[in-house]
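Here are my notes after a look through this one. They are in rough order, starting with one of the ligand sites.

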Amino acid sequence: MRTAYSVETVRNAERELMERLPEGALMQRAAAGLAAACADLLGRAPGRVYGARVVLLVGAGDNGGDALYAGARLARRGAGVTAVLVDARQRAHPGGLAALMAAGGRVVTGPHEVHEVHEVHEGHGTGADGPAAPLAHAGGGTGSAAYVALHRAHLVMDAITGIGGRGGLRPEAVPLVRAAEASGAVLVAVDLPSGVDADSGRVDGACVRADVTVTFGAYKPGLLIDPAKERAGALRFVDLGLETAGTPADLEALQHADVAALLPVPAAESDKYRRGVVGVVAGSARYPGAAVLAVAGALHGGAGAVRYVGQGGDAVLARFPEVLVSGGAPADAGRVQSWVIGPGLDDRVKDARADVLASDVPVLLDADALAGLDPQEVRGRSAPTVLTPHAGEAARLLGVERAEVESGRLDSVRKLAVKYGATVLLKGSTTLVAPPDGGRPVRVNPTGTGWLATAGSGDVLSGLVGSLLAAGLAAVDAASVGAYLHGLAGRSAARGAPVGAGDVAGAVAGAWRGVGRG
Ligand SMILES: NC(=O)C1=CN([C@@H]2O[C@H](COP(=O)(O)OP(=O)(O)OC[C@H]3O[C@@H](n4cnc5c(N)ncnc54)[C@H](O)[C@@H]3O)[C@@H](O)[C@H]2O)[C@@H](O)CC1
Ligand SMILES: Nc1ncnc2c1ncn2[C@@H]1O[C@H](COP(=O)(O)OP(=O)(O)O)[C@@H](O)[C@H]1O
Ligand SMILES: [K+]
């Protein structure tokens, strides 16, 4: 399981560890890991950083300190390192600044007017990880020197803000960041891309777009959730020895081994009923395809049989003769261990929904079954309920704008879960699954791909998750394992080219096999 922790938890863990370590040791660990990652990215043989040109965009806090100490390490190995002080008041971590200069690095100011210049005295603050002090450039330079250095750089570290950052990049930082992005240098975000919100993944304003993010001690939720995730590039982790065990993670992402352990496998004594029967209420005369796709997903989710209820029976049978089809109400269709309802339904949806919600088995509500859903109808149920909205549907259920859901996915999925007392799988660029109390941890799906954004692929997902529910998985597990397999299936079906939802369904078995093999 990959876990991510809030800033508060990370700071508490850091504080505890710092009490047991010599002063500054934690920052040195971060800097050593950062320097090693940068040396690796520079593509040189170990120990051969010599000649590389590195620029540090340095803010006022400890995030800048990490970069300055890492820069000092690279400078000692022969890199040409230039630190650009981005903070409007030219503040930077004193110890880090002194270490960089002692190692032969140079410090230039950002393109601001400098009203006050303090000399940096030899040894000033060396080794101290104390608060930022007002310092200004030593070693000379102007705003244009910063741009020249950026233009010539092989690697740029973004150390403007880390977990202490609030809001987007300040205006003075934006042109420097844009120059770094345009330079062709590898852009390495230190801990987080500056400008993103560590806890939520929100991006409020201008923000760094990194090639790689080297993060310290623990993953932060924002690194795993869009829109911030997309700005982080590839993630590298530096272990600081933080103790987070015992604190619930804010976010967790299943890995292959976790999914393998959760996949339902038939036992020797199994028969089709013991494996579970999933009932699918989907499709209509107008949208028979939704029935076919939801059933296709359900056939690959571990249930022993699929029961279909609705007007798409002919289309379903033409494609899948193994499905048990009935045309009446769900309550008359025979026993199932879970219901999936919603994709492509017509105006019969309300009656059918009342029917399945009245049952005592897990119910998954998707698409049309989400419209006008009353929280009380869901909250009163004795068995688990799973909602699988995309951002537009989630926005309607919450009574907010779609953009609000897309920019604040973690908040939105939690609020929806609390409102309905249901497990909520929020689809889209980052799929999240929140437990019914909206608490910790929320699961984030690591396998998603933009190729899944194709009509009907959500129908496949709903069938797949419903089938996992029928096979006996707990609601959060069914939703997150379903999303995981769906993402893998999307990737392997697409292999870099557009695909249809039917192809995604067809690739689920291969994804399952791949995970099962570990
Ligand atoms: N606390 C620790 O023990 C460790 C912290 N580390 C580093 O320290 C970082 C956190 O350091 P800080 O708490 O000093 O915080 P940051 O360095 O993230 O940022 C705080 C500074 O940035 C300014 N600031 C806030 N928002 C800004 C914005 N939008 N634009 C420009 N400036 C802004 C603040 O006024 C403050 O001066 C971590 O992300 C990590 O990189 C690492 O060295 C590991 C150890
Ligand atoms: N940008 C994206 N990146 C990854 N997955 C996406 C993206 N956009 C959509 N998806 C996935 O594609 C599927 C689309 O489902 P949905 O919105 O219900 O469409 P439909 O109703 O056409 O089936 C969901 O699994 C969703 O998570
Ligand atoms: K940063």
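**Notes on the model**

1. Ligand 2 first. There are 18 residues around ligand 2, and His390, Lys427, Leu452, Ala453 and Gly458 are the closest of them. Keep in mind throughout that this is a predicted model.

2. Which helix gives the most to the shell around ligand 2? That is α16, residues 457-470, with four residues. By residue class, the shell around ligand 2 has eleven polar residues, five nonpolar and two charged.

3. On the annotation side, the unreviewed UniProt entry marks Asn63, Asp158 and Ser194 as "binding site". These three span 132 residues in sequence, yet no two of their C-alpha atoms are more than 9.7 Å apart, so they gather at one spot.

4. Is Asp158 buried or exposed? Asp158 has 34 other C-beta atoms within 10 Å, and 20 or more is what the buried class asks for, so Asp158 is buried. Beyond its neighbours within four places in sequence, Asp158 is in contact with Leu57, Leu187, Val188, Ala189, Val190, Pro193, Ser194, Val208 and Ala210.

5. Ser194, by contrast, belongs to a loop, the one between β8 (186-190) and β9 (212-216). With 27 other C-beta atoms within 10 Å, Ser194 also counts as buried. Leaving out residues up to four places away in sequence, Ser194 touches Asp158, Ile160, Thr161, Gly165, Leu169 and Val208. Val208 is therefore on the contact lists of both Asp158 and Ser194, given the 7 Å C-beta cut-off for a contact.

6. Finally, the chain as a whole. The protein chain has 19 helices and 20 strands, and its C-alpha trace spans about 85 × 45 × 45 Å along the principal axes. Of its 518 residues, 56% count as buried. Among contacts with a separation of 6 or more, 73% are between residues 24 or more positions apart.

How values were computed
Residues numbered from 1 in each chain as written. Chains lettered and ligands numbered in written order. Predicted model: local features only at pLDDT ≥ 70, side-chain atom pairs only at ≥ 80, totals over all residues. Near = placed C-beta within 6 Å. Helix = DSSP H or I, 4+ residues; strand = E, 2+ residues; numbered from the N terminus. Nonpolar A, V, L, I, M, F, W, Y, C, P; charged D, E, K, R; others polar. UniProt positions renumbered as here; feature names shortened; annotations may be inferred. Buried ≥ 20, exposed ≤ 12 C-beta atoms within 10 Å, placed from the backbone. Contact = placed C-beta atoms within 7 Å.
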